[in-house]
Amino acid sequence: MNTLQLYNPATGQAIEAVTTNKPADITSYIAPARAAQKAWAKVPFNERLQIIQAFGEAIIEQVDELALTLCKETGKPLQQAKNEIKGAQNRIQFFGEEMASYLAPTHAKNDPGTQEYLWMEPIGLIGNISAWNYPYNVGFNIFIPALLAGNAVFYKPSELVALTGLAFKQAFDKVGLPKHLFNLIQGKGEIGAALIDVGLDAYFFTGSYKTGVKIAQQLAPQLKPLQLELGGKDPLYIMEDVADVKKAAVNAAEGAFYNNGQSCCAVERIYVHAPIYEEFVAHFVEEVKSYNVGDPLHPDTFIGPLARKEQIPFLANQVADAVQKGATILLGGKAIAGKGYYFEPTVLVDVTHHMEVMKEESFGPIIGIQKVSNDAEALQLMNDTNYGLTAAIFSSDEARAEAILSQVDAGTVYWNCCDRVSPWLPWSGRNSSGLGSSLASFGIQSFLKPKAYHKRPA
Ligand code: NAD
């Protein structure tokens with residue numbers, strides 16, 4: 001029996017171990033999953049929905065225990081873990097309200113003698129390889145609509161959140177989801193690669209650009225649908241006309257440092273219009289200094305440890321690269337000595353786009369702030385990236401903000417807010433941030449395949 005040992009990032013100590021899967025397990029799950037999926041697709045939508053809603057309720061009933069598990073596995077501060085678990089429930093609400101209308105046959109056109117209809121059918125077996133940073137949000141984005149649409153799912157959680165993955169399986173079993181519809185596949189990247197090899201009907205991946213590319217290359221000969229939700233280097237531009245510079249700094253800092261900066265849509269680089277640059281930076285540093293860094297179980301902790309030990313040298317290298325090229329450290333800049341995978345909340349100024357910290361996803365508590373002299377320069381810098389997940393502007397002038405946001409090449413844009421996802425809007429990354437969209441109507445249709453029906457009565 002193979003096992004995966006989990007470690008608590010706050011202490012570096014071993015916690016639980018879970019049993020992992022072998023490629024042969026995946027192969028053996030396929031026939032039962034196919035049979036279960038065919039039966040599930042015939043279950044009326046409302047009955048499927050009742051089971052999914054019961055799953056959501058079962059998760060909420062255990063929120064305290066599940067938040068503790070997530071905190072132990074990832075180092076996410078306990079309150080942020082609870083926020084995530086509760087926040088993910090809006091996916092069930094959205095898909096519950098919206099999906100039925102996409103499943104019904106629709107009449108397209110009548111030609112003389114021929115009627116034209118559209119049927120939507122479930123895709124079949126869905127492979128979902130997922131990330132650890134928001135396992136509830138990114139998991140629910142995929143396996144909830146997949147199951148509601150009548151598919152079966154092979155869910156591979158990140159190896160860092162294997163216990164949360166197990167909790168999803170247990171909650172589905174508890175509420176009576178028919179067997180073989182939610183197949184939990186535990187293990188590291190190798191088992192993810194094995195999941196691609198078995199040839200399910202479509203794949204949905206959330207994770208890094210690097211892994212996304214590997215998966216796309218491996219899957220290419222199969223010509224199977226693939227959706228990729230990848231990383232970002234999301235810009236925020238602060239215009240000089242913001243009503244309250246301090247408030248802008250507080251909100252910008254939260255966008256950059258919430259979940260220790262380990263959010264796909266975290267603010268990763270900030271541009272500030274010259275007239276308010278000094279004032280903004282002073283408030284920003286003051287705000288970040290006020291964050292409590294420490295034990296994620298403590299209710300006042302805002303910044304816990306990083307989930308992965310390897311991220312510490314990665315962030316230290318970004319700081320060293322920036323400093324060597326002329327950046328100034330205003331706060332932090334290094335790992336925190338002692339137990340656990342802690343890195344100081346770090347603020348860098350005098351940064352340029354020659355530095356890694358302004359170009360490559362940091363995924364940690366580190367931010368570069370750059371002064372700009374006008375909107376044109378800000379726009380040019382915002383678009384100077386391979387990524388395209390989100391982009392934000394803080395300003396009092398909606399028209400001025402929209403003039404820029406309409407030219408930013410990103411899947412989501414924000415005015416006076418950031419780091420936000422709504423199931424009623426599509427979630428999609430452009431360029432190296434991904435392929436395809438989850439949530440909204442797009443995130444329903446991607447779990448269905450169309451069948452055109454031309455009907456000519458005898
Ligand atoms: P990762 O790419 O390291 O791992 C993601 C998943 O892929 C894990 O389950 C892992 O086991 C699996 N995997 C690794 N190698 C594989 C292979 N060769 N074949 C198949 N599967 C393989 O990413 P991560 O560290 O878990 O997540 C962080 C990244 O995810 C960040 O870049 C973040 O921005 C991104 N992310 C994006 C979104 C979004 O919605 N766009 C949401 C959350 C996270």
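Does histidine 273 count as buried or exposed, and what is its relative accessibility? At 10% relative accessibility, histidine 273 counts as buried; buried means under 20% relative accessible area, exposed over 50%, and partly exposed in between, using a 1.4 Å probe and protein chains only.

This is a predicted model, in which local features need pLDDT of at least 70, side-chain atom pairs count only at pLDDT 80 or more, and totals for chains, interfaces and linings use all residues. Residues are numbered from 1 along each chain as its sequence is written, and side-chain values use heavy atoms, with hydrogens and water left out.

**View 1. Histidine 273 and its surroundings.**
Histidine 273 is found in strand β11, residues 267-273. Helices (H or I, at least four residues) and strands (E, at least two) are DSSP runs, numbered from the N terminus. The side chain of histidine 273 is joined to that of glutamate 240 by a polar contact of 2.4 Å. A polar contact is a pair of N or O atoms within 3.5 Å; within protein, one must be able to donate a hydrogen and the other to accept it, and residues adjacent in sequence count only if both atoms are side-chain atoms. Leaving out residues up to four places away in sequence, histidine 273 also touches others, including Tyr237, Val372, Asn374 and Arg400. Contact here means heavy atoms within 4.5 Å.

**View 2. Phenylalanine 55 and phenylalanine 172, a stacked pair.**
Searching the whole structure turns up 26 aromatic pairs. Rings of Phe, Tyr and Trp (its six-membered ring) pair if their centres lie within 6.5 Å; planes under 30 degrees apart count as stacked, over 60 as edge-to-face and the rest as tilted. In this view, the ring centres of phenylalanine 55 and phenylalanine 172 are 3.8 Å apart and the planes are at 10°, so the pair is stacked. It links distant parts of the chain: phenylalanine 55 belongs to helix α2 (residues 45-61) and phenylalanine 172 to helix α7 (residues 162-174), 117 residues apart. Phenylalanine 55 and phenylalanine 172 are both buried.

Phenylalanine 143 lies in helix α6 (residues 135-148) and tyrosine 155 in strand β6 (residues 152-156), so the pair ties together parts that are 12 residues apart in sequence. Phenylalanine 143 is buried, at a relative accessible area of 0%, and tyrosine 155 is buried at 0% too. Step back and you'll find one aromatic cluster, formed by Phe55, Tyr136, Phe140, Phe143, Tyr155, Phe168, Phe172 and Phe182.

**View 3. A lysine over a tyrosine ring.**
Look for the charged end of lysine 76, which sits over the ring of tyrosine 134, 3.8 Å from its centre. A charge sits over a ring if NZ of Lys or CZ of Arg is within 6 Å of the ring centre and within 35 degrees of the ring normal.

**View 4. Strand β9 and its partners.**
Strand β8 (residues 202-206) and strand β9 (residues 226-229) pair in the parallel sense over four bridges. For strands to pair, DSSP must find at least two bridges between them. Phenylalanine 204 has glutamine 227 in β9 as its bridge partner. From β8 the chain crosses through helix α9 (residues 209-219) to β9, in a right-handed β-α-β crossover. Right-handed means that, with the strands pointing away from the viewer, the path from the first strand over the helix to the second runs clockwise. β9 is also joined to strand β18 (residues 434-435) by two bridges, and these strands run antiparallel. In β18, glycine 434 stands opposite glutamate 229.

**View 5. Two loop residues with positive phi.**
Most residues other than glycine have a negative phi. Histidine 180 has a positive phi, near 70°, and sits in the loop between α7 and β7 (182-184). Its relative accessible area is 37%, so histidine 180 is partly exposed. Asparagine 431 has a positive phi as well, of about 55°, and is found in the loop between β17 (427-428) and β18. At 49% relative accessibility, asparagine 431 counts as partly exposed.

**View 6. Lysine 82 and glycine 87 in helix α4.**
Lysine 82 has its place in helix α4 and is buried, with a relative accessible area of 19%. Apart from neighbours within four places in sequence, lysine 82 is in contact with Val63, Asp64 and Ala67. Glycine 87 is in helix α4 (residues 78-87) and counts as partly exposed, at 32% relative accessibility.
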